[in-house]
Amino acid sequence: MTQRFLTLAEVQEVLSISSPQAYALVRTGELPAIQVGGRGQWRVETSELEAYISRQYEATRAKIAAGHD
């Protein structure tokens with residue numbers, strides 16, 4: 001069975017970013033996530049991470065097309 005949710009540590013690993021960067025993506029809503037459990041642990045749905053990555057590719061393409069590389 002494919003894993004549906006990822007921890008922020010797993011998101012960090014996939015995106016090769018730091019813990020504060022992953023947390024900031026979630027807190028700003030740029031990367032949709034949910035809080036679960038008594039301690040409010042963050043979880044990111046795999047499909048949301050893939051959608052975020054796709055949005056970043058599109059933003060990068062638009063930036064390059066506009067001559068802002």
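Leu8 is in contact with Ala22, Tyr23, Val26, Trp42 and Val44, once its neighbours within four places in sequence are left aside. In this predicted model, Leu8 also belongs to the largest nonpolar core, whose 10 residues are Leu6, Leu8, Val11, Leu25, Val26, Leu31, Trp42, Val44, Leu49 and Tyr52. At least two residues of this core come from each of helix H1 (8–15), helix H2 (19–27), strand S3 (41–45) and helix H3 (46–65).

- Leu31, which lies in the loop between H2 and strand S2 (34–36), is buried, with a relative accessible area of 0%.
- Not counting residues up to four places away in sequence, Leu31 touches Val11, Leu25, Val26, Val44, Glu48, Leu49 and Tyr52.
- Between Leu31 and Glu45 there are 9.6 Å from C-alpha to C-alpha, and the two are 14 residues apart in sequence.

**How H1 meets H2**
- The axes of H1 and H2 cross at roughly 110° and come within 9 Å, and an angle from 65 to 115 degrees counts as roughly perpendicular, so the two helices are roughly perpendicular to each other.
- On the H1 side the contact is made by Leu8, Gln12 and Leu15, while H2 contributes Ser19, Ala22, Tyr23, Leu25 and Val26.
- Of the residues in this contact of H1 with H2, 6 are nonpolar, 2 are polar and none is charged.

**Helix H3 and what follows**
- H3 has 20 residues, which at 1.5 Å a residue should span 28 Å, and this agrees with the 29 Å between its end C-alpha atoms.
- After H3 comes Gly67, whose phi is positive, near 85°.

Terms used
Residues numbered from 1 in each chain as written. Predicted model: local features only at pLDDT ≥ 70, side-chain atom pairs only at ≥ 80, totals over all residues. Heavy atoms only, no water. Core = buried A, V, L, I, M, F, W, Y, C linked by side-chain atoms within 4.5 Å. Buried < 20%, exposed > 50% of the residue type's maximum accessible area, 1.4 Å probe, protein only. Helix = DSSP H or I, 4+ residues; strand = E, 2+ residues; numbered from the N terminus. Contact = heavy atoms within 4.5 Å. Expected span 1.5 Å × (residues − 1). Axes fitted to C-alpha atoms, helices over the stretch in contact; angles between N-to-C directions. Parallel < 35°, antiparallel > 145°, perpendicular 65-115°, else oblique. Nonpolar A, V, L, I, M, F, W, Y, C, P; charged D, E, K, R; others polar.
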